[in-house]
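Please look over the sequence and the three-dimensional structure shown here before reading on.

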Amino acid sequence: MLLLNASGCLDALTAPDVARSLDAFVTKTVTPEPRAGNPPVRIAETSFGMLNAIGLANPGRAAFLRDTLPRLREIGVPLWVSVGGFAAHEFAETCAQLGDVTIELNLSCPNVDEAPESGAEIVRACREATASPLYAKLSPHSWDIGETVRAIEAAGADGLTMINTLRGVALDPHLRPSLARGAGGYSGPALRPVALAAVMAARRATQLPIVGMGGVETGRHVLELIACGATDVALGTVLFADSGAPARVRDELAGELEKLGFDDPGDAYCAALESVASLENSPKS
Ligand SMILES: Cc1cc2nc3c(=O)[nH]c(=O)nc-3n(C[C@H](O)[C@H](O)[C@H](O)COP(=O)(O)O)c2cc1C
């Protein structure tokens with residue numbers, strides 16, 4: 001099981017030691033052109049999580065390849081590059097230039113107005129452009145996750161990453177949206193049950209590796225995602241509050257495994273899913 005950061009939740013250049021405490025570092029999403037992102041206010045706290053409307057702010061592909069990627073390589077941790085865009089050819093052109101990294105295709109940003117082409121079309125175009133491992137990052141908003149997952153697998157994805165944020169709105173005391181953009185992406189603890197359900201639904205549809213994320217804060221939360229079918233897990237919002245989370249979560253995970261009598265996180269793999277299946281298969285009275 002790999003422990004990663006969720007895209008956009010860790011800056012490895014300012015916190016290289018935190019990046020090194022993970023099994024791989026995932027970059028903020030890179031788009032073909034530079035993006036300033038949305039106007040402020042772009043972050044709002046809520047009772048059970050955080051809203052962000054960053055809007056894919058990033059220096060763009062050329063500056064990323066020229067300046068950022070070589071510096072990230074020096075950190076010495078395996079790299080995953082999150083790739084974004086608004087048309088399949090844009091994603092594919094970035095993939096073709098990345099070289100030896102794992103690629104996460106951000107098919108699911110809720111904070112931009114431009115609608116991307118269908119996930120499967122994007123994956124197909126990227127598959128033709130690169131031999132690097134391709135993970136597709138999915139939204140929890142999908143109407144039928146199983147159908148989406150099957151289409152993405154058929155298009156050539158090597159794995160899935162899920163979930164991205166849920167769309168949400170917070171209001172200030174004067175009943176105006178706290179974020180300048182109105183809605184933003186909701187992340188943090190409230191996402192956990194949504195993430196578990198999404199991973200479970202995806203695991204019913206595929207045997208591909210799944211990086212699970214959404215509100216993970218403790219070792220127990222890691223194990224729950226694995227029990228629902230995740231093979232790897234990423235830490236997102238928790239990293240803003242606790243940069244020591246990777247080491248802490250690993251310790252807690254070891255404690256949870258001991259409590260349950262497991263040797264390895266893999267022993268919990270699909271445990272929750274199997275118990276639902278056995279209920280479904282039991283004779284109805
Ligand atoms: C401030 C912030 C910026 C984010 N930026 C990106 C991004 O650039 N690309 C992406 O795929 N996901 C992005 N995400 C979503 C996270 O990668 C993750 O999918 C989501 O926050 C759920 O995990 P969490 O509840 O553990 O934070 C961002 C999330 C936050 C909070």
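The model is a predicted one, in which local features need pLDDT of at least 70 and side-chain atom pairs count only at pLDDT 80 or more, while totals for chains, interfaces and linings use all residues. Residues are numbered from 1 along each chain as its sequence is written.

Q: What is the order of the open sheet of eight strands?
A: Strands are DSSP runs of E with at least two residues, helices are runs of H or I with at least four, and both are numbered from the N terminus. Two strands pair if DSSP finds at least two bridges between them. In the open sheet of eight strands the pairing is parallel, and the order reads 1-12-11-8-7-6-5-2.

Q: What is the bridge partner of Leu138 in strand 8?
A: Strand 7 (residues 134–138) pairs with strand 8 (residues 159–162) in the parallel sense, over four bridges. In strand 8, the residue bridged to Leu138 is Met162.

Q: Where is Ile163, and what is the omega of the cis peptide bond that joins Met162 and Ile163?
A: Ile163 has its place in the loop between strand 8 and strand 9 (166–168). The peptide bond joining Met162 and Ile163 is cis, with an omega of about 20°.

Q: Which residue stands opposite Leu166 in strand 10?
A: An open sheet of four strands has antiparallel pairing and the order 3-4-10-9. Within it, strand 9 and strand 10 (residues 184–187) pair in the antiparallel sense over three bridges. The residue of strand 10 opposite Leu166 is Tyr186.

Q: Which residue is joined to Pro40 by a cis peptide bond?
A: The residue in question lies in the loop between strand 2 and strand 3 (43–46). The cis bond, with an omega of about 5°, joins Pro40 to Val41.

Q: What is the phi of Leu56?
A: Leu56 has its place in the loop between strand 4 (49–52) and helix 2 (61–75). Although Leu56 is not a glycine, its phi is positive, at about 55°.

Q: Are helix 3 and helix 4 roughly parallel or roughly antiparallel to each other?
A: Two packed helices are described by the angle between their axes and the distance between the axes. Axes are lines fitted to C-alpha atoms, for helices over the stretch in contact, and angles run from 0 to 180 degrees between N-to-C directions. Helix 3 (residues 88–96) and helix 4 pack at about 30° with their axes 8 Å apart. Angles under 35 degrees count as roughly parallel, over 145 as roughly antiparallel, 65 to 115 as roughly perpendicular and the rest as oblique, and helix 3 and helix 4 are therefore roughly parallel.

Q: At what angle do the axes of helix 4 and helix 5 cross?
A: Gly119, Ala120 and Val123 in helix 4 meet Thr148, Ala151 and Ile152 in helix 5, where contact requires C-beta atoms, placed from the backbone, within 7 Å. The axes of helix 4 (residues 119–129) and helix 5 (residues 145–154) come within 8 Å, and they cross at roughly 20°.

Q: Why does helix 5 count as oblique to helix 6?
A: The axes of helix 5 and helix 6 (residues 192–205) come within 8 Å and cross at roughly 50°. That angle makes the arrangement of helix 5 to helix 6 oblique.

Q: How many charged residues are in the shell around the ligand?
A: The ligand is surrounded by 25 residues, the closest being Ala6, Gly8, Ser187, Gly236 and Thr237, with a residue counted as near if its C-beta atom, placed from the backbone, lies within 6 Å. Ala, Val, Leu, Ile, Met, Phe, Trp, Tyr, Cys and Pro count as nonpolar, Asp, Glu, Lys and Arg as charged, and the others, Gly among them, as polar. By these classes the shell holds nine nonpolar and 14 polar residues, and the charged ones number two.

Terms used:
Two residues are in contact if their C-beta atoms, placed from the backbone, lie within 7 Å.
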